[in-house]
Every structure is written in C-alpha cells, then in structure tokens.
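Thanks for coming. I will take one structure and walk through parts of it. Please look at the display before I start.

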Amino acid sequence: MGGEEGWLPDVREWAFVGSVGTGKTSALVAAMLMAAMKYPGARLALVSSTRANLERSVLQTLEQMAQPLIQAKKYRHVKRDNRIEITTPEGEKSNIYLFGLDNPNADKLLVGTEWLQVFVDQLERIPERKYEILLTRIRQKVYTKDGKLAPNLAKSTANIDEGKRTWLYRRFQSDAYQVGKDIYVKDVERVIDGVVVRSRRAYIRAKFGENKSLNPNYVEMLALAGSVAEKFMADDWEDSLDIIYYTYDDKRNTLQRIPEQLKDYDMYVGVDVGANTSPNVALFFLVHRKNKNMLGVSEYVEYGNMIRDFGADIASILKDYPEVGDIYLYVDPSAWNSTGFGKTLADELYEGIVSNLNRNVFVDKAFQKGSVRLDEKAYLPVNKMLESGDLKISPSMGITREVLLTTTYEDVHRDRHPRTDVSDALRYVVYNVPQRTDIDDDKEDDAIVKPKKIKWWGYN
C-alpha cells in the first residue's frame with residue numbers, strides 16, 4: 001500500500017529489503033495486482049534481471065496469488081506480447097508487461113512505453129543506471145472512476161542487509177530516517193528544468209519471522225542446513241553479486257573539462273600487463289600536487305601487442321600532456337618476474353616508453369595495500385575517493401566508466417576481461433598516490449610529495 005492514499009503518499013520509490021524467505025516477492029506481487037485492479041487502463045512493468053529468474057520465481061508467485069482472477073477468467077497471459085491482461089471489476093483492462101533484462105532489446109522496450117508503475121524483483125541484480133533509466137519512464141496518467149489521479153510509483157524487492165555497502169545501501173539506507181515500524185524514508189532534492197523538486201524514497205525492512213506464508217517445516221529444514229542457512233538469512237550467499245564501486249556517481253565523478261593549467265599536476269599511470277587472453281591496460285590520471293585530486297583523462301586497452309610496443313603507445317598518449325610535472329608509472333607487480341633473455345616485462349615496457357618520450361619517468365612496482373583477497377577492503381580506497389568526489393574520470397574513458405558502474409565481485413572472481421584488468425590498473429594508481437598528511441598548509445603551493453619508494457628510470 002506504500003505510496004497509495006493514506007500510506008505515505010509522497011513516497012514515490014519503494015524497496016522491500018531483507019534476506020531470503022521474508023515474503024518480499026509475495027508483497028511485490030500483491031501490490032502489483034492491487035494496482036492493476038484499482039487503476040483501469042494501467043500499464044505496469046514487472047522486471048527481473050533475467051527471463052529465467054522472472055519465470056521461476058516472481059511469475060509463479062503471481063499466478064498463485066491470481067488464482068481467483070484466473071478462475072473468474074479475468075486473468076489472461078498473452079505470451080506472444082509478454083504481458084498479462086487483467087480485467088478490472090468495471091470490466092476494463094489493465095496490462096502487466098514482463099521483462100527479463102537479459103533480452104538484448106529489453107532497454108528499448110522498457111523506454112519505449114510510458115508506465116503507471118514499475119515493479120522490480122531482486123533489484124540488487126540490476127545495474128543502478130538501468131534502474132534509473134526505467135524510473136524516467138514512469139509517467140502514465142490514469143484516473144480512478146471517481147476522477148482521482150493514480151500515483152506514479154516504483155516498487156522493488158532486494159536481498160540486502162545492514163552493513164553491506166552496495167549501491168542499494170547508498171540509494172536507500174544511507175541517511176534514511178525511521179518513520180514507522182521497519183519503515184525508513186530518505187529525502188531527495190534535484191533541480192529539474194530550473195525548478196527545485198523534492199521527492200522521497202523509502203525502504204521497508206523485511207524480517208524472516210513475519211512471513212506467515214512459509215511451510216512450518218521450513219524452519220526445521222533451516223536447522224538441518226546449519227551454517228549455510230545462517231548465510232542465507234544474512235544474505236552472505238550473494239556477496240559475489242554486489243557492485244564493487246557502489247559509491248560511483250555519474251554526476252559527481254564525471255570530469256567536466258581538463259584543467260587549462262597543467263603545471264600544477266603530475267601524471268600518474270596505472271598499468272596492468274596482460275597475459276594470454278587478457279589485455280594490456282593503462283589508465284592516465286592528472287594528480288594535483290597539493291590536494292591530490294585525481295582526474296582521469298585517458299585510457300588505453302589493447303590485446304596482443306608486444307609489451308615494448310605497448311610502452312610506445314603509452315608514450316604517445318603522454319606526449320599530449322607536455323606541461324605536466326613528473327610522470328609516475330605504477331606497474332603490475334608480475335611484470336618484474338623474469339621472462340628470460342635477461343629482461344623482464346617491466347624492462348621492455350620502460351624501454352618502449354623512454355625510446356619514444358624525451359622525459360624523465362618514475363617507474364615502480366605497484367604496491368597493493370591490505371589483504372590480497374579481492375573483498376570490500378581491497379576496493380575501499382577507490383570507493384572513498386569516489387564518494388568524496390576527489391576521483392573523477394573523463395567521459396572519453398568509456399570502458400573505465402562501464403567498469404565503475406557495473407563490475408561485481410563475481411566478475412573479479414571469474415577474472416572477466418577487461419573488467420578485472422581495468423580494476424587492477426585503477427587500484428594501482430589510487431593506492432600509490434602519496435597522501436598529503438606530511439605537508440603543512442602553510443608550505444609553498446608547488447610543494448611536491450614524492451612516493452616513499454620508487455625506482456627512477458631517466459631518459460638516456
């Protein structure tokens with residue numbers, strides 16, 4: 001009932017969040033059926049990450065809950081159109097359209113229609129940008145028989161829990177305040193067409209013990225499952241689906257323009273060396289000497305080049321920034337392993353750079369702070385800089401932007417290229433930019449903080 005008259009009607013975006021087995025899908029389906037019955041002519045979208053998830057979960061729940069409508073012949077599944085037609089008590093029609101986002105045409109189909117309301121199952125499996133695009137299409141006007149305008153709403157379920165810092169946490173839980181039992185609201189303010197517009201989103205905390213639809217024997221099955229059951233109830237079983245860079249925000253972290261005065265900046269380059277089927281990656285960042293703000297200005301991702309040629313390509317990009325101060329390269333630690341013939345990949349890379357660039361170059365083995373496990377701690381420095389706005393990337397860095405928006409821990413664990421390679425190069429830069437904790441504010445503006453340990457390879 002959230003968002004309907006008498007039930008926090010000023011909240012437009014709802015999420016029912018909690019662990020597995022809390023009845024979230026049933027609640028989502030009930031809300032959708034009520035909207036279809038209450039608002040004749042409504043176009044509703046039911047969305048899931050894949051068609052398989054939709055059919056084996058939420059669609060089965062929908063058909064089960066709609067049995068009275070099915071028996072009364074007021075429910076018709078029009079499979080050729082991927083929609084369900086609901087006949088209202090007044091004899092008019094509403095339609096629920098079914099979408100699995102793995103359909104290559106799903107985005108076009110979703111944005112090609114105006115919706116009254118949208119319902120998303122397992123929102124944590126969907127990239128935030130696709131969800132936000134979907135929100136822009138919720139604008140259909142539908143009136144009740146007594147002339148009242150139906151509310152535009154988005155409702156979703158999500159398997160998230162306290163302490164997990166996914167993009168869902170940032171969107172719904174961070175800075176939210178409690179307004180009722182297990183209900184939390186967050187105020188949102190944007191300037192739309194020159195006008196300040198205020199809206200609200202809310203989440204409801206789902207609790208396992210409140211789901212009365214479960215078979216009573218299920219609790220006994222959980223007892224037999226032991227520690228696995230505990231992981232299910234705490235959502236730890238889906239850690240791999242978490243978005244890694246949950247703090248990335250297009251508005252905050254997009255570089256609008258490259259600074260005109262580059263003499264106050266050094267150039268830092270994170271380099272991940274490919275092997276076999278993985279690419280070579282270089283990410284280029286202007287780093288202000290004093291405040292250490294990082295501005296991503298270029299990316300280079302290529303397959304198959306010899307490492308010396310890759311160095312020459314890096315030099316070519318560096319030539320576009322003749323005014324920057326020092327040039328620092330932090331290279332994949334594996335590049336220092338011997339490859340035979342007395343040279344390492346690091347040697348080959350360096351020679352390719354300095355033979356094509358008449359500049360001094362500082363090169364060092366990338367230092368990775370913290371645990372070698374690629375868990376949340378491994379990416380925390382990047383997320384902190386994204387959240388503070390100190391890390392921005394140019395719109396021209398399209399691959400890097402896509403990595404920041406969509407990469408999950410599952411991608412890393414499966415070593416999916418080029419996602420993991422770009423992530424590594426990004427971490428090499430962020431981890432190795434020295435902090436300004438040892439520089440006093442009253443020192444000269446052009447004071448340079450050099451890395452604590454670095455190997456200098458000058459131009460010969």
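Gly270 stands opposite Tyr330 in strand 14. Strands here are DSSP runs of E with at least two residues, helices are runs of H or I with at least four, and both are numbered from the N terminus. Before going further: this is a predicted model, in which local features need pLDDT of at least 70 and side-chain atom pairs count only at pLDDT 80 or more, while totals for chains, interfaces and linings use all residues. Residues are numbered from 1 along each chain as its sequence is written, and side-chain values use heavy atoms, with hydrogens and water left out.

Back to strand 14, residues 327–331. Five bridges join strand 11 (residues 265–272) to strand 14, and the two run parallel. Two strands count as paired if DSSP finds at least two bridges between them. Strand 14 is also joined to strand 15 (residues 361–365), by four bridges and again in parallel. There, Tyr328 has Phe362 of strand 15 as its bridge partner.

Is strand 14 enclosed or open? Five of its five residues are buried, so strand 14 is largely enclosed by the rest of the structure. Buried means under 20% relative accessible area, exposed means over 50%, and partly exposed is in between, with a 1.4 Å probe and protein chains only. In a regular strand the side chains alternate between the two faces of the sheet. In strand 14, Ile327, Leu329 and Val331 point one way, and Tyr328 and Tyr330 point the other way.

Val78 has Arg83 of strand 4 as its bridge partner.

Strand 2 runs parallel to strand 5, with six bridges between them, and parallel to strand 6, with four. Leu46 has Leu98 as its bridge partner in strand 5, and Val47 has Val120 in strand 6. Five of the six residues of strand 2 are buried, so strand 2 is largely enclosed by the rest of the structure.

In strand 7 (residues 153–158) we find Ala154. Ala154 is buried, with a relative accessible area of 3%. Leaving aside neighbours within four places in sequence, Ala154 is in contact (heavy atoms within 4.5 Å) with residues including Trp14, Val118 and Tyr131. Gly3 is 151 residues away from Ala154 along the chain, and their C-alpha atoms are separated by 9.3 Å.

Last, the cavities. A cavity is a set of points on a 1 Å grid over the protein atoms alone where a 1.4 Å probe fits but cannot get out; lining residues have an atom within 4 Å of a point. How many of 30 Å³ or more does a search of the whole structure find? The search finds two. Among the residues lining the largest cavity are Val47, Val120 and Tyr131. Helix 5 gives the most to that lining, with three residues.

How values were computed:
On a 1 Å grid over the protein atoms alone, a cavity is a set of points where a 1.4 Å probe fits but cannot get out, and a pocket is an open set with protein on both sides within 12 Å along at least five of seven lines; lining residues have an atom within 4 Å of a point. Grid points are joined across faces, edges and corners, and a volume is the space filled by probe spheres set on the points.
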